[in-house]
Amino acid sequence: MSSEIPMRVAVVGATGFQGGAVSRLLAERHHRVRALTRRAAADRPPLPGAHFLAGELGRPEDVRRLFEGTTHAFVTMPLVYEAERVAAYARNVAEAALEAGTVRLVFNANTRIPLDLTDVPAFETRRLVERVLRESGVPLVVIRPPVYLDNLFSPWNGPALVEDGVLAYPLPASARTAWLSHRGLAEAALAALTGEGLEGRTFDIGGERSLTGGELAAAFGRGLGRPVRYEELDPAAFERGLAQLLGPETAAGVAGIYHYMASGADPLLMADDGVSVEVLALEPAPVEEWVARQPWQIWSTDADEPDAMPRP
């Protein structure tokens with residue numbers, strides 16, 4: 001299977017940050033993208049070359065329309081953590097993919113998943129999706145990313161980084177984490193869609209190397225050209241802040257990952273996996289390169305000044 005042969009890709013989650021990054025890379029490489037969305041046309045992110053269909057993941061007929069005429073699929077589940085609802089979404093995807101004769105479906109679990117069962121819905125609902133898709137017989141590759149660098153380019157982190165040199169995040173400073181950008185996810189997804197002999201494989205993807213909180217702050221410091229220090233954010237405080245944006249149920253689902261990491265039950269869960277980098281032929285950029293490319297000045301209190309940059 002060659003990346004030079006144009007694919008017609010059904011993308012579930014294209015209006016989100018992760019699916020959007022994958023859709024943009026696919027379009028850059030001249031593949032065709034079909035996306036399903038509940039958003040009105042005026043509220044959709046700019047995805048040049050993507051064809052949007054109005055519909056819902058919970059409606060089997062909508063998902064079948066999404067997959068019609070496509071050859072491949074990339075799937076990221078929405079931030080839903082009710083097992084029955086998620087299982088229904090997965091069944092709709094599996095049935096549509098089988099009916100369309102999908103050559104390969106790549107499922108982005110959106111997180112690493114512990115080997116043993118947990119009581120964390122963010123892990124177990126994604127483990128459930130993997131099982132439903134695998135048991136359906138659709139040609140499947142699973143990618144499991146750690147934590148996204150793009151989470152740090154946000155209204156919650158940007159101002160503190162720019163103004164105070166503080167990088168606060170709800171991961172233990174000691175937890176070695178293979179931070180990955182959305183672009184890195186997209187590159188891994190494209191490799192998983194096009195690589196030879198990958199069916200049935202599960203890959204723990206990640207960035208160039210695993211970093212502790214202090215090492216991450218040092219990399220940010222090199223990228224920003226100023227000192228940066230890491231602060232552990234209490235997962236409960238993180239959850240309360242997220243609830244104001246996403247609502248309590250979704251916030252609890254997302255924050256469950258960070259509560260689990262804070263427990264120390266699996267300190268290397270988010271660490272790197274050289275096998276995935278080698279097999280998928282990935283070359284992740286160092287964190288400091290990603291940092292240096294971001295327009296951090298937008299978080300500065302002087303952002304209205306045209307030449308404003310983070311203070312040295």
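The model is predicted, so local features need pLDDT of at least 70 and side-chain atom pairs count only at pLDDT 80 or more, while totals for chains, interfaces and linings use all residues. Residues are numbered from 1 along each chain as its sequence is written, and side-chain values use heavy atoms, with hydrogens and water left out. Helices (H or I, at least four residues) and strands (E, at least two) are DSSP runs, numbered from the N terminus.

After H9 comes Gly264, with a positive phi near 75°.

Attention now turns to charged pairs. The structure holds 13 salt bridges, each defined by a side-chain nitrogen of Lys or Arg within 4 Å of a carboxyl oxygen of Asp or Glu. In one of them, Glu28 pairs with Arg183, and the closest N and O atoms are 3.1 Å apart. Glu28 belongs to helix H1 (residues 17-28) and Arg183 to helix H6 (residues 182-194), so this pair ties together parts that are 155 residues apart in sequence. Both partners are partly exposed: Glu28 has 45% relative accessibility, and Arg183 has 35%.

A further salt bridge joins the side chains of Arg104 and Glu199, at 2.8 Å from N to O. This pair, too, links distant parts of the chain, with Arg104 in strand S5 (residues 104-108) and Glu199 in the loop between H6 and strand S8 (202-204), 95 residues apart. Arg104 counts as buried because its relative accessibility is 1%, whereas Glu199 is partly exposed at 39%.

The side chains of Arg144 and Glu130 also meet in a salt bridge, again 2.8 Å from N to O. Arg144 lies in strand S6 (residues 140-144) and Glu130 in helix H4, so the parts tied together are 14 residues apart in sequence. Arg144 and Glu130 are both buried. Elsewhere, Arg59, Glu61, Asp62 and Arg65 are linked in a network of salt bridges.

Two other sites complete the picture. Leu79, Trp156, Leu245 and Leu246 make a nonpolar surface patch of about 410 Å². Patches are made of residues with over 30% relative accessible area and no salt bridge, with like charges joined within 9 Å and nonpolar side chains (Val, Leu, Ile, Met, Phe, Trp, Tyr) within 5 Å. Ser276, in helix H10 (residues 274-279), is by contrast buried, at 1% relative accessibility. Leaving aside neighbours within four places in sequence, Ser276 is in contact with Phe203, Asp204, Ile205 and Ala281, contact meaning heavy atoms within 4.5 Å.

Terms used. Buried < 20%, exposed > 50% of the residue type's maximum accessible area, 1.4 Å probe, protein only. Areas by Shrake-Rupley, 256 points an atom, 1.4 Å probe, with all protein chains shown as cover.
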